[in-house]
Amino acid sequence: MKRLLFVLLCGCSGGLSPGECNDVVDRMIDIFTKPGGDASKDHLKATEDWRAKLKGDNATKQYMRDVCRTSMKSGHAACVKEAQDDASLAKCFAG
């Protein structure tokens, strides 16, 4: 997953503000932690807990924000904010 995050975040040269990058990273976390299919109540609770931890103050989120600040442009950010799933998120960085 770390490799996927790096690839998705390494589009082009940077230029986004810290606030924009925080929004982009939170959206990516939402997509990465979206449960698939008919998840049980326990699975949904675990997913919410995991999502909250990833969105908190931690090294993973800080790394993603740093890569965003140095590697993403506003076009990437707009695309990420509109993405609904892994496939549409991947298209944001396809070329």
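Colleague: OK, how many disulfides does the count come to?
Modeller: Two. Keep in mind that this is a predicted model.
Colleague: Which residue does C21 pair with?
Modeller: C21 is joined to C68, with an S to S distance of 2.2 Å. The link is left-handed, at -85° about the S-S bond.
Colleague: And where do C21 and C68 lie?
Modeller: C21 is in helix α2 and C68 in helix α4 (residues 59–71), so the bond ties together parts 47 residues apart in sequence.
Colleague: Is C21 buried or exposed?
Modeller: Buried, at a relative accessible area of 0%. C68 counts as buried too, with 0% relative accessibility.
Colleague: What about C79 and C92, how far apart are their sulfur atoms?
Modeller: They sit 2.1 Å apart, as a disulfide. The S-S torsion is about -85°, so that one is left-handed. C79 belongs to helix α5 (residues 74–82), while C92 is in the segment after α6 (86–91), 13 residues apart. C79 counts as partly exposed at 27% relative accessibility, whereas C92 is buried at 10%.
Colleague: Switching topic: at what angle do α2 and α3 pack?
Modeller: About 160°, with the axes 10 Å apart; α2 covers residues 18–32 and α3 residues 41–55. Anything over 145 counts as roughly antiparallel, so that is what α2 is to α3.
Colleague: Which residues make the contact?
Modeller: D26, I29, D30 and F32 from α2, and W50, R51, L54 and K55 from α3. They divide into four nonpolar, four charged and no polar.
Colleague: Is the crossing left-handed or right-handed?
Modeller: The crossing of α2 and α3 is right-handed.

How values were computed: Residues numbered from 1 in each chain as written. Predicted model: local features only at pLDDT ≥ 70, side-chain atom pairs only at ≥ 80, totals over all residues. Heavy atoms only, no water. Axes fitted to C-alpha atoms, helices over the stretch in contact; angles between N-to-C directions. Helix = DSSP H or I, 4+ residues; strand = E, 2+ residues; numbered from the N terminus. Parallel < 35°, antiparallel > 145°, perpendicular 65-115°, else oblique. Left-handed = near helix turned anticlockwise from the far one by under 90°. Contact = heavy atoms within 4.5 Å. Nonpolar A, V, L, I, M, F, W, Y, C, P; charged D, E, K, R; others polar. Disulfide = S-S within 2.5 Å. Buried < 20%, exposed > 50% of the residue type's maximum accessible area, 1.4 Å probe, protein only.
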